[in-house]
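This report is meant for a reader who has not seen the structure before.

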Amino acid sequence: MDRFMQSALLHLNKENFSMKRLVVAATLLFAPLAAHADYLDLSNWSAEGNGQWDVGADGNSVSQGVNGHPTLFYSDANSIGKQFSANVTVSGNDDDFIGFVLGYNSGEANSAESDFILIDWKKRTQTNSQYGTAAAGLSVSHVTQGLGYDDSSWGHAASKGVEELARGVNFGESGWEYGETYKFDITYTDTLLEIFINGVKEISLTGNFTDGAFGFYNFSQAGAAYSQISAQSFYAQNSVPTPATALLFGAGLVGMARLRRKKQ
């Protein structure tokens with residue numbers, strides 16, 4: 001092998017070594033993004049309504065066992081500016097409402113002057129002779145007069161203070177299934193609400209949203225289980241360097257190292 005080929009191969013090996021170091025550095029830089037946030041401890045959460053909310057031994061799962069009036073189980077921290085994740089599974093029978101609340105404050109479910117967001121998902125469309133029709137599917141509503149066992153919660157009656165704002169793209173008219181685990185990812189800021197199910201965006205809303213707790217909601221539905229619940233700062237998750245920026249930064253470091261070697 002002549003000297004030219006030897007020199008070229010040596011240069012190529014050095015370039016490969018530098019690239020490997022860059023890849024390792026980028027991997028270390030983004031490792032915190034891949035790490036899962038710690039699951040929430042539900043031990044200090046509060047229940048309202050006539051539900052039976054049983055926290056699991058792991059402290060991070062809870063099930064609701066009563067088929068009755070609207071009931072909530074909500075956190076001891078504010079929800080604004082957060083990204084929440086939770087798995088939801090329903091066993092047993094019946095075909096009514098499961099879901100979440102956002103921006104909730106103690107006592108609002110029974111208040112004539114409330115201001116929070118309700119995310120509910122009905123399994124099957126049903127008509128009640130007294131309360132009207134409850135449509136199957138996933139929806140978001142603004143609650144301003146509490147949640148009663150009447151046409152407000154049942155049919156999303158705006159005149160009774162449950163104003164429907166949007167329905168899901170894929171599940172807006174279809175219900176959940178027994179035994180199926182659904183992974184919810186929910187972003188809630190003072191101007192943005194987004195809901196993903198199994199990684200697919202269902203709802204995206206902009207507006208002026210108020211602060212309060214994050215929690216779970218059941219109405220006339222027993223056997224709902226919530227697990228693997230986590231919360232992270234939306235702003236922290238969305239203010240990190242992009243991959244391209246990080247790679248350029250890493251490339252700059254490699255270039256500076258080469259320049260320093262040349263000067264030496």
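Gly-59 is buried, with a relative accessible area of 9%; buried means under 20% relative accessible area, exposed over 50%, and partly exposed in between, computed with a 1.4 Å probe on protein chains only. This is a predicted model, in which local features need pLDDT of at least 70 and side-chain atom pairs count only at pLDDT 80 or more, while totals for chains, interfaces and linings use all residues. Residues are numbered from 1 along each chain as its sequence is written, and side-chain values use heavy atoms, with hydrogens and water left out.

Gly-59 sits in the loop between strand 2 (53-55) and strand 3 (62-64). Helices (H or I, at least four residues) and strands (E, at least two) are DSSP runs, numbered from the N terminus. Leaving aside residues up to four places away in sequence, Gly-59 touches Leu-40, Asp-41, Leu-42 and Ser-43, a contact being heavy atoms within 4.5 Å. Leu-40 is 19 residues from Gly-59 along the chain, and their C-alpha atoms are separated by 7.8 Å.

**Salt bridges**

A salt bridge is a side-chain nitrogen of Lys or Arg within 4 Å of a carboxyl oxygen of Asp or Glu. By this rule the count comes to seven. The table lists some of them, including the pair of Arg-124 and Asp-95.

| Salt bridge | Closest N and O atoms |
|---|---|
| Arg-124 with Asp-95 | 2.7 Å apart |
| Arg-167 with Glu-164 | 2.9 Å apart |
| Asp-185 with Lys-183 | 2.7 Å apart |

In the salt bridge between Arg-124 and Asp-95, Arg-124 lies in the loop between strand 7 (116-122) and strand 8 (126-128), and Asp-95 in the loop between strand 5 (82-90) and strand 6 (97-104), so the pair ties together parts that are 29 residues apart in sequence. Arg-124 is partly exposed at 46% relative accessibility, whereas Asp-95 is buried at 10%. Arg-167 is partly exposed, at 26%, and Glu-164 is partly exposed, at 33%. Lys-183 is also partly exposed, with a relative accessible area of 36%.

**Confidence**

The predictor's confidence in each residue is given as pLDDT, from 0 to 100. The chain has a mean pLDDT of 85, and 76% of its residues reach 70 or more. Over residues 22-36 the pLDDT stays under 50, and the model has 11 contacts beyond four places in sequence for them. Residues 256-260 also have pLDDT below 50, with two contacts in the model beyond near neighbours in sequence. Where pLDDT is low, the predicted coordinates should not be read in detail.
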